[in-house]
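Here is a short tour of a two-chain model, written for someone who likes to click along. Have the viewer open and follow the headings in order.

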Amino acid sequence: MTPRPLLAEIFVTLLYPLLLALSLWVMLRGHNAPGGGFIGGLMAVAASAAYALVHGARPALRKMPLAPAPLSAGGVLLALASSLPGAWQGLPPLTQLWWDLHLGGVSLPLSTVMLFDFGVYLAVWGAVGGYCLGLVETIEGRR
Amino acid sequence: MLVFAPVLIPLATALLCVFAATMPRLQKGVSLGGALALFLAGMALLRQVILHGPLTLVAGNWPAPFGIAFTADRLGVALVMIAALMVTIVVIWQHSDVDKAPDGPSLHPLLHGVVAGACGAFLTADLFNLYVWFEVALIASLGLLAQGGSLRQLDATLKYFALNLVGTLLLLTGVALLYGTTGQLNFLALSGAIAEQGNPLHLPLLGLLLIAFLVKAAAFPFFAWLPASYHTLPAPVLALFSALLSKIGICALIRLLCVVLVPAPAELLTMVGWIALLSMVTGVLGAAYHWDIRRILAFHSISQVGYMLLAIALASPVGDAAAIFFALHHSLVKAGLFLAAALVFRHTGQYDLRRIGGLYAAKPALAAMFLLLALSLVGIPPSSGFWGKYLIVKEGLAQGAYLWAGTALLVGGLTLYSMMKIWFEAFWKAHPNQNWQAPDGARLTPAYAGLAIVVAVAVIAGLFPEPLLNFAVAAADTLRGAGR
């Protein structure tokens, strides 16, 4: 019987939400400015991969918000949808629009760019995460 | 917004089809809805373009040469309409049991992916963006090629991938180097920069692009991917591929030689002319050798691409119009022939001409539809093929290119030989197996309906060619006008 890597299990379980939060922050901030959808998505994949290495591919898949294929398709759909608000106002598709959300003294800028970035984030998480967990599953099957 | 619709609609349809993957009936409905929506958007765009001339829209409202521009002109929109028509027929055809593609969760997303890539390539006015759409179409078509998963299909997929990848890499290299020397990617801006700089280095770079487009168009000697892969495809996918894939290359070539390069260097045009000649001859000879209907038709695609290239090489308003007319004619007629071949297969059990026969007596309607399409491919008046070839040969003779025009006529004769071979073997002679019974057709109607639509459009285009010819002439004029 192989001993359970208890320390790693606890560590990764704690790390997983932290990594996801960090990836969302990177998505919003961008690496070297404006958008960070792609790099944020890759960080989310890293979170999923770390989880899969310790807990197995199946539980890691269950931890993702959707199955990989719909997740990436939904991401691209969101990115496509971000082209609509501009078109709605008679501007060319993908024209960026910004709104300020006032929350009691704090002004939060919202934009169609953010929606696009979030779409890219989900698409990368779904696609690369799907490949990655599929690989882990194959390796598990060989062992 | 309408300018982007032919790309956004198939992309959105493909993604929605991914969500509906677990519900096959819903997925088919979404797929048909997306195909019809694309058709309607194409009609609306066509109307706008005919009324008001080409429409240009730059994504993201960026200033003109920096943003990615889409230009809907007559050529692009006409090809979008072909794509919409063909994908609609494919979705209808999937309801039949005539050599249809295996129903998997990824079939419909990939079909619309190919259409999105093709429509993007038809409408984009940006060289790098053109490369992106080439890749979209390439990846989706790879998925469709590998769908069956048999060894034969994977072998075809590998060959298709390897040869197309070479073309794509050449394109990327050419785009990068051209951007390095001119600093432009937009077709019109590029045209201006090339004319202004007069850099002798541009000629080899444009040659790179030319070769990449010739690979995509399946011209001599870069056509190997086409006969290596087409015959492994199920009928509806094959029809879609034959209508769209080589046209992506042809459309890009027309834009390169009519919009980006004004006037195009004589060296490039002469090269295209000789390649056209060799494509016509090798294609038609390859077809004469084969007995599998799909292989015969696939080789004829290479030969027909030769005609389009010849028209482009003539580099005159009439030549451009002939190329555009011929491309539209060939998309329809060749797709129709592949569909007719699938019905021949369904009724006789084989694609091999030596083992089948007797269809003229058994299925006269199919025989009639095949004959109409075959005669159009050969170019017997009054068919759409006749008008296309007539324009090309007439313009060739007018320019004194007697060898080119004469070869075009000769290849027409050899095409007749191949079509008559199919006619005599599959339809006229008796079935070699006396006891052969066609399997009972449970679901033939959708297939016949799909074929009938293609035949009807092709026949109308042949009987009343004037609107379409005028359209092609106007399309050629806009291209040249846009280039100046």
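Ala243(B) counts as buried because its relative accessibility is 0%; buried here means under 20% relative accessible area, exposed means over 50%, and partly exposed is in between (1.4 Å probe, protein chains only). You'll find Ala243(B) in helix H10 (residues 235-260) of chain B. Helices (H or I, at least four residues) and strands (E, at least two) are DSSP runs, numbered from the N terminus.

Who sits around Ala243(B)? Leaving out neighbours within four places in sequence, Ala243(B) is in contact with Ile82(B), Met86(B), Ser331(B) and Ala335(B), where contact means heavy atoms within 4.5 Å. Take Ser331(B): 88 residues separate it from Ala243(B) along the chain, yet their C-alpha atoms are 4.1 Å apart.

## Ground rules

This is a predicted model, so local features need pLDDT of at least 70 and side-chain atom pairs count only at pLDDT 80 or more, while totals for chains, interfaces and linings use all residues. Residues are numbered from 1 along each chain as its sequence is written, chains are lettered from A and ligands numbered from 1 in the order in which they are written, and side-chain values use heavy atoms, with hydrogens and water left out.

## Ser301(B)

Next stop is helix H12 (residues 293-313) of chain B, where Ser301(B) lies. Ser301(B) counts as buried because its relative accessibility is 3%. Setting aside residues up to four places away in sequence, Ser301(B) touches Leu226(B), His330(B) and Lys334(B).

## Salt bridges

How many salt bridges does the structure hold over all chains? The total is nine, a salt bridge being a side-chain nitrogen of Lys or Arg within 4 Å of a carboxyl oxygen of Asp or Glu. One of them pairs the side chains of Asp97(B) and Arg346(B), at 3.2 Å from N to O. That pair links distant parts of the chain, 249 residues apart: Asp97(B) is in the loop between helix H3 (74-93) and helix H4 (107-123) of chain B, and Arg346(B) is in helix H13 (residues 317-348) of chain B. Asp97(B) is partly exposed, with a relative accessible area of 23%, whereas Arg346(B) is buried, with 10%.

Asp320(B) and Arg480(B) make another salt bridge, with their closest N and O atoms 2.7 Å apart. Asp320(B) lies in helix H13 of chain B and Arg480(B) in helix H19 (residues 465-483) of chain B, so the pair ties together parts that are 160 residues apart in sequence. Both Asp320(B) and Arg480(B) are buried. Asp352(B) and Arg354(B) also meet through their side chains in a salt bridge, at 3.3 Å from N to O. Asp352(B) is buried, with a relative accessible area of 15%, but Arg354(B) is partly exposed, with 49%.

## Where the chains meet

Now for the interface: 15 residues of chain B are in contact with 16 residues of chain A. About 1,200 Å² is buried between the two chains, with 85% of it from carbon and sulfur atoms; buried area is the accessible area (1.4 Å probe) that two parts lose on being put together, summed over both. Met1(B), Leu15(B) and Phe19(B) supply 40% of what chain B buries against chain A, more than any other three residues.

The elements giving two or more residues to the chain B side are helix H1 (5-19) and strand S1 (55-58) of chain B. H1(B) has the largest share of that side, with seven residues.

Chain A has six helices and two strands, which run α-α-α-α-α-β-β-α along the sequence. Its C-alpha trace spans about 65 × 35 × 25 Å along its principal axes. Of the 143 residues of chain A, 38% count as buried.

Leu101(A), Leu103(A), Val106(A) and Leu108(A) make a nonpolar surface patch of about 350 Å². Strand S1 (98-103) and strand S2 (106-111) of chain A each supply at least two of its residues. Leu108(A), found in strand S2 of chain A, counts as partly exposed because its relative accessibility is 39%. Patches are made of residues with over 30% relative accessible area and no salt bridge: like charges are joined within 9 Å, nonpolar side chains (Val, Leu, Ile, Met, Phe, Trp, Tyr) within 5 Å. Accessible areas come from the Shrake-Rupley method with a 1.4 Å probe, and for residues only the protein chains shown count as cover.
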